[in-house]
Amino acid sequence: MSDDPAPRLLGRSWAEVEADIQSHREAAESAVVRWAWGPVYAGWERLEPLFSERVHGERPKTRELPEPEDRTTRDLFGWDDAGRVVVARRFRSWPQPGVQDETILVEGAAGPVQMHMHWPLGVVELIRMAAPEPGHVGLAAMRSWYLRDRTAFWCYEERFTYEGARLTRVDVRHPDGDPHFQVVEWDTDGEVKRIYRQAGDKRSVVYVRPPKGGVAPVRRRVEAELVDRIAAWVARRAPAEPVWALGILYDAEGNPPLPPSVGLATADDLDDDPLVRFNPAEWGLMDTDPDELLGDAFAEDCAVLNQHWSSAMDDAAPRRMFVKVAKALRDRDWAGFLTTADEFEVLAVDLELEDLQRNRRALRPK
């Protein structure tokens, strides 16, 4: 945990800045020379390089949009005469229409300071201050301080390394985890090709440049591989006793749905409560990170689909894929490496079980 950063950034304590937040908002708004609407979570106010790719795992959203009837479907941005976003607002409709979140850029004692505010019940809370550190090429570092539980300050730091004008590495430090870094790989045409995260010896894909021909070939490839990879996991983990269900568990609440978790249910997992019986997370044989669903090429394909679905806000496509995979596994010949019960079924279900009944109906043999 860190000390209060506000005195050295703005000359007053965090509490004093929060109490006088309206004057900072008015100063930022008075600097605006142009307003424009953009997509929700466009992130145009973020100073960190490649923020959309590194954090949201998707290409940046750059298209300005007309003012909407429903303000919750757009974000509002204000630029100053230097071309900086000095105001960014997100709106809400409940419990009454108004601003839900706002980020402003103000001049501090040693340079610009970003402040992020939230209105949970109409009362403003200052939840983040951030100070950029300029470098020879671009931003050298970005430090963000958060007031956690209204009692302690928490600092998150990113340091940026460049080759020429291109960002190639981001080193991350924060109190709640081990240090890690992100590596940015560039294509010959000057676009970001790939970003991956390295923590110790564990490497994971953050962003992959979408293929020029679209994601349809990637989708077909992942769908076919999921069937074979899940079957390979079953062959490795199959218990001696009969299995009445194979479960594919995916996240449908805004987190990446690929790759899914998988589980096998035996008689020990039978329960009178259907929300327990048909929930793979409750089964004794459950694997959240199957080795068979890892691998660089497959992980990259999964990242392409995850970021495509996320940018399109498409929750239906992953569900359709998992149902198709479940159908292929349902019709597979399991003789020789899995003992199935008389009434064996394959489940595809989300973590919240909202798709359970719909998917079970879709998976009933005709």
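**A conversation about the model**

Reply: L353 counts as buried, because its relative accessibility of 14% is under the 20% limit. Please bear in mind that this is a predicted model.

Me: Where is L353 placed?

Reply: L353 sits in the loop between β16 and α9. Its phi is near 65°, a positive value in a residue other than glycine.

Me: Which residue besides a glycine has a positive phi of about 60°?

Reply: Y41, with a positive phi of about 60°. Y41 belongs to the loop between β1 (34-39) and α4 (51-56). Y41 is partly exposed, its relative accessible area being 45%.

Me: Let us step back. How many helices and strands does the protein chain have?

Reply: The protein chain has nine helices and 16 strands. Its C-alpha atoms fill a box of roughly 70 × 50 × 45 Å along the principal axes. Of its 366 residues, 46% count as buried. Among contacts between residues at least 6 apart in sequence, 53% join residues at least 24 apart.

Me: Which residues touch the most other members of the largest nonpolar core?

Reply: L226, I230, L246, L258 and L329 do, in a core of 38 residues. At least two residues of this core come from each of α5 (216-237), β13 (243-250), β14 (261-265), α7 (296-312), α8 (316-330) and β16 (340-350). The most come from α5, which gives eight residues.

Me: And what lies apart from that core?

Reply: Another core, of 27 residues, lies apart from it; I21, F91, V99 and M129 are among them.

Me: Take L246, then. What does it touch?

Reply: Not counting residues up to four places away in sequence, L246 touches I230, W233, V234, G263, L264, W283, L329, W334, F344, E345, V346 and L347.

Me: E345 is in that list. Is E345 buried or partly exposed?

Reply: E345 counts as partly exposed, at 22% relative accessibility, and its place is in strand β16. With residues up to four places away in sequence left out, E345 touches W244, A245, L246, F278 and R360.

Me: Now the helices. At what angle do α5 and α8 pack?

Reply: At about 45°, with their axes 10 Å apart. The two helices are therefore oblique to each other, and their crossing is right-handed. On the α5 side the residues are R219, V222, E223, L226, V227, I230 and A231, which meet M321, F322, K324, V325, A328 and L329 in α8.

Me: What about α8 and α9?

Reply: α8 and helix α9 (residues 356-363) pack at about 40°, with their axes 10 Å apart. That makes α8 oblique to α9, and α8 passes α9 in a right-handed crossing. Here R319, V323, A326, K327 and R330 in α8 meet R358, N359, A362 and L363 in α9.

Me: Another helix: which residues of α3 are buried?

Reply: In α3 (residues 21-30), the buried residues are I21, H24, R25 and A28. Seen down the axis of α3, these fall within an arc of 100°, so they line one face of the helix.

Me: Why would that spacing give one face?

Reply: An α-helix has 3.6 residues a turn, so residues three or four places apart point the same way.

Me: What do the buried residues of α3 pack against?

Reply: They pack against α2 (14-19), β3 (85-92), β4 (98-108) and β5 (111-118).

Definitions and conventions. Residues are numbered from 1 along each chain as its sequence is written. This is a predicted model: local features need pLDDT of at least 70, side-chain atom pairs count only at pLDDT 80 or more; totals for chains, interfaces and linings use all residues. Side-chain values use heavy atoms; hydrogens and water are left out. Buried means under 20% relative accessible area, exposed over 50%, partly exposed in between (1.4 Å probe, protein chains only). Helices (H or I, at least four residues) and strands (E, at least two) are DSSP runs, numbered from the N terminus. The arc is that of the directions from the helix axis to the C-beta atoms. Contact means heavy atoms within 4.5 Å. A nonpolar core is a set of buried Ala, Val, Leu, Ile, Met, Phe, Trp, Tyr and Cys residues joined through side-chain atoms within 4.5 Å. Axes are lines fitted to C-alpha atoms, for helices over the stretch in contact, and angles run from 0 to 180 degrees between N-to-C directions. Angles under 35 degrees count as roughly parallel, over 145 as roughly antiparallel, 65 to 115 as roughly perpendicular and the rest as oblique. A crossing is left-handed if the near helix is turned anticlockwise from the far one by less than a right angle, and right-handed if clockwise.
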